[in-house]
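Here's a quick walk through one protein model, helix by helix and residue by residue. Have a look at it first, then read on.

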Amino acid sequence: MKTRSSKRLDFFERYLTLWVAACMVIGVAIGKFLPDLTHHWSGMEFGRSHVNIPIAVLIWLMIFPMMLKIDFGGLRGVARRPKGLAVTLFVNWLVKPFSMALFGSFFVVGLFSSAFHWIDPETARNYLAGLIILAAAPCTAMVFVWSYLTEGDAAYTLAQVAINDLIMTFAFAPIVMLLVGVSGIVVPKEVLLTSVVAFIVIPLAAGWLSRTLAVRLRGLSWFESSFLPLFKPVTTFALLATLVMIFAFQAENILTNWIAVGLLAIPILVQVYANSGLTYLLMRWFRVPHNVASPGALIGASNFFELAVAVAITLFGPTSPAALATVVGVLVEVPVMLSVCRLCLGTKCWYERTSCPVSH
């Protein structure tokens with residue numbers, strides 16, 4: 001007999017994968033058959049900032065409702081159970097970006113470029129820059145879905161996301177500049193800081209301010225029952241539209257460099273399973289409850305691909321190899337994270353050091 005969680009995971013595996021596939025087909029078709037429209041979209045920028053306007057607007061629409069859910073005043077409760085948060089932050093900020101730089105350097109620059117000559121050196125360095133940008137931003141949006149699928153502690157997950165977002169405001173730009181600079185790519189500091197302000201600081205501040213004002217004026221009950229539900233369709237539309245636009249920008253790269261897409265998926269897959277496994281094992285070692293450990297493992301593995309794509313487009317252009325590397329993260333994200341969800345659910349008894357009932 002399948003549990004309710006397994007049935008729920010089966011449903012999401014089926015439909016999330018279909019949605020991503022549909023967005024890819026639609027986006028690639030737009031990029032291929034409507035190149036003038038795609039070029040017009042990609043050229044819409046805020047002055048000289050190189051921040052793409054359509055991507056920025058869609059990301060704001062997607063992130064803002066999630067920021068509304070974050071009650072920073074409720075983070076004090078996490079202090080009573082700090083071990084899970086400490087493991088998550090350790091992996092997210094001291095392991096994940098650096099491990100991606102390591103795996104990307106080994107596979108893309110070392111193996112695929114220097115050893116096998118499948119990728120020219122300059123393109124390989126740009127691919128590596130995109131992979132680093134992808135890994136430097138912990139996931140915000142989809143984490144709540146992964147937590148739901150693994151029966152995670154929703155309040156604790158919210159706290160993990162909130163603190164990650166606060167740290168990301170200050171740490172994302174320096175980490176990207178450090179690691180991408182080491183790879184030999186010059187990152188314009190002003191452009192990167194503009195991206196951080198546009199895609200992190202503004203929606204975070206707007207969400208906090210809107211929540212604070214709404215709760216003070218109408219109360220928490222009205223805010224949660226009447227105000228928040230208004231944004232559910234907005235978030236879904238913005239996510240799907242962002243995916244379509246991303247794939248439209250990268251249509252030519254996806255169609256002509258499909259071998260590179262497969263090669264780039266390798267370091268991403270290795271990094272995801274390595275970091276999720278490390279987080280999960282550390283959580284078990286420190287005896288963190290499973291409903292905290294599972295979302296923590298997923299936060300430690302998944303990426304804020306919407307932000308990564310937007311920053312890569314801003315820094316290197318919408319059709320750049322760096323942007324393509326972040327788009328491969330989009331292709332890999334859903335099926336791989338669903339497999340991690342299944343692993344977390346399937347190993348719950350082992351994690352809790354209990355014996356599971358045998359199903360007949």
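## H4 against H12

Start with helix H4 (residues 82–115) and helix H12 (residues 258–285), whose axes come within 9 Å and cross at roughly 155°. Helices here are DSSP runs of H or I with at least four residues, numbered from the N terminus. Axes are lines fitted to C-alpha atoms, for helices over the stretch in contact, and angles run from 0 to 180 degrees between N-to-C directions. H4 and H12 are therefore roughly antiparallel to each other; on this scale, angles under 35 degrees count as roughly parallel, over 145 as roughly antiparallel, 65 to 115 as roughly perpendicular and the rest as oblique.

H4 makes a right-handed crossing with H12, a label used when the near helix is turned clockwise from the far one by less than a right angle. What kinds of residues make up the contact of H4 with H12? There are 19 nonpolar, seven polar and one charged. Ala, Val, Leu, Ile, Met, Phe, Trp, Tyr, Cys and Pro count as nonpolar, Asp, Glu, Lys and Arg as charged, and the others, Gly among them, as polar.

## How to read the numbers

This is a predicted model, where local features need pLDDT of at least 70 and side-chain atom pairs count only at pLDDT 80 or more, while totals for chains, interfaces and linings use all residues. Residues are numbered from 1 along each chain as its sequence is written, and side-chain values use heavy atoms, with hydrogens and water left out.

On the H5 side, Tyr 127, Leu 131, Leu 134 and Ala 135 meet Ala 260, Leu 264, Pro 267, Ile 268 and Gln 271 of H12; contact means heavy atoms within 4.5 Å. That contact divides into eight nonpolar residues, one polar and no charged.

The cut-offs are under 20% relative accessible area for buried, over 50% for exposed, and partly exposed in between (1.4 Å probe, protein chains only). Not counting residues up to four places away in sequence, Gln 271 touches Lys 96, Ser 99, Met 100, Phe 103, Ala 135 and Ala 301.

Leu 85 belongs to H4 and is buried, with a relative accessible area of 12%. Leaving aside neighbours within four places in sequence, Leu 85 is in contact with Val 78, Tyr 156, Gln 160 and Ile 163. From Leu 85 to Gly 296 is 211 residues in sequence, but 7.8 Å in space, C-alpha to C-alpha.

Ser 105 is also found in H4, and is partly exposed at 33% relative accessible area. Ser 105 and Ala 129 are 24 residues apart in sequence and 9.9 Å apart in space, C-alpha to C-alpha. Again leaving aside neighbours within four places, Ser 105 is in contact with Met 100, Gly 110 and Leu 128.

## H7 beside H13

Next up are helix H7 (residues 154–182) and helix H13 (residues 290–301), which pack at an angle of about 30° with their axes 9 Å apart. That makes H7 roughly parallel to H13. The crossing of this pair is right-handed.

Which residues meet between H7 and H13? Tyr 156, Thr 157, Gln 160 and Asn 164 in H7 meet Val 292, Pro 295, Gly 296 and Ile 299 in H13.

## The nonpolar cores

A nonpolar core is a set of buried Ala, Val, Leu, Ile, Met, Phe, Trp, Tyr and Cys residues joined through side-chain atoms within 4.5 Å. The largest one has 123 residues, and Trp 146, Phe 172, Phe 199 and Leu 307 touch the most other members. Helix H15 (residues 321–346) gives this core its largest share, 15 residues. Apart from it lies another core, of seven residues, including Phe 64, Ala 214, Phe 223 and Leu 228.

Most residues other than glycine have a negative phi. His 117 has a positive phi of about 60° although it is not a glycine.

Arg 353 is found in the segment after helix H16 (348–351) and counts as partly exposed, at 40% relative accessibility.

Terms used
Helices (H or I, at least four residues) and strands (E, at least two) are DSSP runs, numbered from the N terminus.
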